[in-house]
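The entries follow the order in which I turned to each topic.

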Amino acid sequence: MRFPGMKTHPRRQLRRWLLGGLLACVSFGAFAADAFDVAPARAALQRWLPRHERQIVLVALDARQGDRYVIRGQAGRVEVAGTTPAVLLAGVEAYLEQVPQVSIGWPGDSLARLPATLPAPAAPIGSRAIVPDRFALNDVDDGYSDAYLDWPGWQRKIDLLALRGINEVFVPVGAEEVYRRTFREFGYSDDALRAWIPAPAHQPWWLLQNMSGFGGPVSAQLFDQRAELGRRIAARLRELGMQPVFPGYFGTVPPGFAAKQPGAALVPQGEWVGFQRPDWLDPRDPHFARVAAAFYRHQRELFGDAALYKMDLLHEGGRAGDVPVGDAAKSVFAALDRAHPSARWVLLGWQRNPSHAVVDAVPHERLLIVDGLSDRYDGMDRERDWSGAPYAFGTIPNFGGHTTLGANAGVWLARFAQWRGKDGSRLRGIAYMPEGSGTDPAAYALFTALAWTPVPTDAPGWFAHYADSRYGGVDAHARAAWRILAATAYAMPSGEWSEPQDSLFGARPSLDVRSAATWSPTSARYDMARFDGAVCELLQVAPALRATSAYRHDLVDVTRQAISNRARQLLPRIKAAYDAKDAQALRALTTEWLDDMAQLDRLLATDPDFLLGRWLMRAKAAARDDAEAAQLEYDQRSLLASWGDRSGADRGGLHDYANRELAGLVGGLYAERWRRFFAALQDGLAGKAMPPIDWFAIEQQWSRSRDSFATEAVGDTWQIAGEVARLSRLCPARDPDRRQADVGGRVTAAWNGSSW
């Protein structure tokens with residue numbers, strides 16, 4: 001049988017493939033006793049490089065000396081050898097970036113720039129992992145990134161993690177079914193448990209023992225769907241040689257547990273930012289061991305075994321009561337050890353956790369602390385803080401899934417090397433933990449590069465090479481744009497914050513508001529005027545590179561950030577006009593503010609990564625009927641607006657914690673709030689009454705609405721970004737006597753809205 005497009009007989013072709021693989025194995029010294037199947041990596045290449053994957057030979061390497069990859073070959077036949085299927089994919093990504101100078105980002109790629117024949121590396125390219133633990137995903141990522149992501153979405157997400165060398169991935173999906181099955185054994189009805197467990201977008205905080213019930217109960221069908229999805233995620237990770245990290249059991253129980261299990265010792269946990277927390281079952285109590293055993297048994301039945309289990313005692317204000325925390329930790333670990341004798345307990349380094357009492361209660365070789373504060377504060381000594389327990393250097397560069405650009409990248413480069421190189425260092429990994437993943441491709445690429453040789457040490461040099469592969473070729477304007485970004489948004493210092501400022505467009509309106517989210521930076525963390533130059537440079541990138549999805553994403557994102565930054569300059573002028581009782585100036589300035597929001601919404605609509613419709617569509621698709629579709633859509637919408645109920649939103653301060661700039665959200669809820677506020681200000685200057693505005697009621701009305709939003713991008717990104725830049729005066733108009741210099745000192749013409 002001859003397949004379409006095959007010019008030689010299939011047996012002859014098969015012999016060639018086998019001979020090629022044999023020669024590759026010999027050349028790489030890859031005949032290892034623990035050789036693995038490269039098919040999962042091959043399948044990923046078929047998804048990403050369908051026109052080129054046959055030009056790539058994949059070879060299994062012995063992993064006993066740690067993870068590594070080697071790349072060599074000739075034009076049209078590139079050989080990539082690696083120690084796991086995931087490492088093979090990391091090797092392919094390294095080849096793409098260093099040889100044909102294209103890349104796969106999260107999000108955006110430049111694969112359209114690949115030549116028909118893959119070029120040969122000029123010399124062998126090799127890299128090894130310098131740390132064994134390369135962890136990804138925050139406890140709350142499933143909520144803020146999209147709790148309703150389907151299997152194709154998760155398959156893509158796993159590929160993107162593998163392409164950057166990640167080997168440990170937190171997987172909470174389907175944990176609700178483990179809890180449901182477990183507590184059915186302890187006297188609870190199915191209805192009671194489904195009422196206790198929140199809808200998917202809010203489940204991460206229930207797993208953290210912060211809250212329960214919100215948005216539920218969801219259908220049994222959805223429980224089954226998510227359990228099946230969790231199985232597929234775990235299976236794919238294992239196929240790629242990656243480790244799923246499952247939630248462990250540390251004592252959360254449904255209401256009324258003591259009534260159903262007389263004598264059980266419970267510790268009430270009080271409130272978490274306005275939500276009633278579930279009770280904590282004292283881990284020393286005999287009931288705990290029985291519940292934990294049932295939990296791990298059902299988890300194994302559903303998802304199989306794992307080598308790592310994530311859990312945190314007394315997260316964000318939990319109460320120990322009269323329970324000695326060290327004794328509790330010993331009992332929690334004992335239950336894990338009985339179920340999984342070689343597994344490690346993964347803890348989050350956050351606020352004052354984990355305490356010495358927890359760390360000292362567990363054998364250190366069975367711990368891994370994923371530090372969420374490595375780049376945030378100064379003066380930390382993690383060996384001292386955690387009694388010499390092993391930890392991963394981590395970052396949380398994004399909170400709530402904010403669409404805000406930048407990171408403490410210089411801190412990463414300097415501090416990772418310092419901490420890893422000091423005497424007695426216990427650093428053994430990296431942990432990439434934005435609360436919402438897939439929003440900042442440059443931050444993701446740079447942070448994950450820390451784990452592989454050659455380790456980046458020079459931020460300007462790294463960003464220059466990043467610009468080349470990001471858009472598929474060397475371009476002076478792309479490099480200039482990224483020099484500016486490297487010196488502004490990606491050069492933020494440590495000291496107090498690990499994320500950039502969020503958008504005031506997404507804030508509950510006030511003349512004095514300084515952040516949208518209660519716990520976000522209250523001022524700009526870099527030079528906003530200097531940042532604007534990146535927009536002007538990106539607009540000048542060569543037309544051939546502008547066709548890539550990476551360029552379109554970045555042009556929208558950088559222009560979006562520049563417009564968002566303008567609000568921080570405009571609001572004080574609005575306040576000054578109001579305080580001066582200058583109605584005419586107030587009207588002009590508030591009109592300018594609303595025009596900026598309208599232009600921003602129009603720009604966001606040109607790229608699929610910035611569409612509210614896409615945030616909502618999978619929730620509706622997961623529903624069995626229209627009533628459940630409304631319920632799940634509310635789950636998604638409320639997370640962006642009020643976050644939860646009035647107590648959490650107003651008294652707890654959670655409103656707009658997950659603010660983001662998406663087409664439909666900026667022009668919808670956010671614009672409506674500011675229009676109402678500005679109208680009230682005008683009424684006040686006119687002597688009319690100014691009754692307080694119930695923002696929560698407005699947010700709830702929007703969250704429960706069913707209006708539809710676009711799921712496909714519309715408009716020419718480059719053209720609209722240019723128009724927005726001109727209308728917002730981000731780039732000076734072209735003038736023969738007025739030139740703009742970028743950070744490298746080179747002089748360029750300036751954007752006039754349509755040409756240079």
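I began at W593, which touches L504, F505, A567, L570, L571, I574, W674 and F678, leaving out residues up to four places away in sequence; I took touching, or contact, to mean heavy atoms within 4.5 Å. Before going on I noted that this is a predicted model, in which local features need pLDDT of at least 70 and side-chain atom pairs count only at pLDDT 80 or more, while totals for chains, interfaces and linings use all residues. Residues are numbered from 1 along each chain as its sequence is written, and side-chain values use heavy atoms, with hydrogens and water left out.

Next I looked up the core around this residue. The largest nonpolar core has 247 residues, and W593 is listed with F183, M242, Y249, W345, Y490 and W643 as those with the most contacts inside it. Such a core is a set of buried Ala, Val, Leu, Ile, Met, Phe, Trp, Tyr and Cys residues joined through side-chain atoms within 4.5 Å, where buried means under 20% relative accessible area, exposed over 50% and partly exposed in between, with a 1.4 Å probe and protein chains only. Helix α20 (residues 549-579) gives the largest share of this core, twelve residues; helices here are DSSP runs of H or I with at least four residues, strands are runs of E with at least two, and both are numbered from the N terminus. Apart from this core I found another, of five residues, among them V57, L61, V70 and A81.

I then turned to helix α16 (residues 441-449), where eight of the nine residues are buried, so this helix is largely enclosed by the rest of the structure. The buried ones are P441, A442, A443, Y444, A445, L446, F447 and T448. In the loop between α16 and α17 (459-471) I came to P454, which a cis peptide bond joins to T453, with omega about -10 degrees. I noted a cis peptide bond between G216 and P217 as well, with omega about -5 degrees, and placed P217 in the loop between α8 (203-207) and α9 (220-239).

My next entry concerns S103, in the loop between α3 (85-98) and β4 (125-128). Beyond four places in sequence, S103 touches E93, E97, D109, S110, L111, S469 and R470. A polar atom of the S103 side chain lies 3.1 Å from the backbone oxygen of S469.

Is Q351 buried or exposed? At 52% relative accessibility, Q351 counts as exposed; its phi is about 50 degrees, and its place is in the loop between β14 (344-349) and α13 (356-359). For D656, phi is about 60 degrees, and I found this residue in the loop between α24 (646-651) and α25 (666-685). D656 is buried, with a relative accessible area of 0%.

Technical notes:
A polar contact is a pair of N or O atoms within 3.5 Å; within protein, one must be able to donate a hydrogen and the other to accept it, and residues adjacent in sequence count only if both atoms are side-chain atoms.
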